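Thanks for passing this model along. Here are some friendly notes on its side chains, point by point.

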Amino acid sequence: MKFIISETILKKSQKLMMEKKLISQLNLSYFRINHLSQKKVIEGKVNSFGTLTGNFSLSEFDQLIQKTQSDLILRLSRDLKSKI
């Protein structure tokens, strides 16, 4: 799993505001061999992101991290169900 955090300073209505964007990425390789020795390979990449703008606390940023992780797992689950 990889996390990318980017920071940007935005100018809105004569005010400078901080924006943080968190991107979560997960690359997946799944190998399955059945009783007939047939191999099935599933590969994929799942992404999720969240953004905070303005004044925010560290706990709000922690909540953003938890939300993107949960979303990433949900997306991964749906992706695997559709491929298996």
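1. A word on the basis first. This is a predicted model, in which local features need pLDDT of at least 70 and side-chain atom pairs count only at pLDDT 80 or more, while totals for chains, interfaces and linings use all residues. Residues are numbered from 1 along each chain as its sequence is written, and side-chain values use heavy atoms, with hydrogens and water left out.

2. Side chains of opposite charge can pair when their charged atoms come close. Taking a salt bridge as a side-chain nitrogen of Lys or Arg within 4 Å of a carboxyl oxygen of Asp or Glu, the count comes to 2. One of them joins Glu 7 to Lys 20, with the closest N and O atoms 2.3 Å apart. Glu 7 belongs to strand β1 and Lys 20 to strand β2 (residues 15-33), so this pair ties together parts that are 13 residues apart in sequence. Strands here are DSSP runs of E, at least two residues, and helices are runs of H or I, at least four, numbered from the N terminus.

3. Lys 20 has a relative accessible area of 17% and is buried; buried means under 20%, exposed over 50% and partly exposed in between, with a 1.4 Å probe and protein chains only. The charged end of Lys 20 also sits over the ring of Phe 61, 5.6 Å from its centre. The rule asks for NZ of Lys or CZ of Arg within 6 Å of the ring centre and within 35 degrees of the ring normal. Lys 21 lies over the face of Phe 49, at 4.6 Å from the ring centre.

4. Please look at helix α1 (residues 58-83) too: Asp 71 and Arg 75 are 4 residues apart there, a separation of about one helical turn. They form a salt bridge with the closest N and O atoms 2.8 Å apart. Asp 71 is partly exposed at 24% relative accessible area, and Arg 75 is partly exposed at 40%.

5. Is Gln 25 buried or exposed? Gln 25, placed in strand β2, counts as buried at 17% relative accessibility. Contact meaning heavy atoms within 4.5 Å, Gln 25 touches residues including Met 1, Ile 4 and Val 46, not counting residues up to four places away in sequence.

6. Met 1 lies in the segment before β1 (2-12) and counts as exposed, at 54% relative accessibility.
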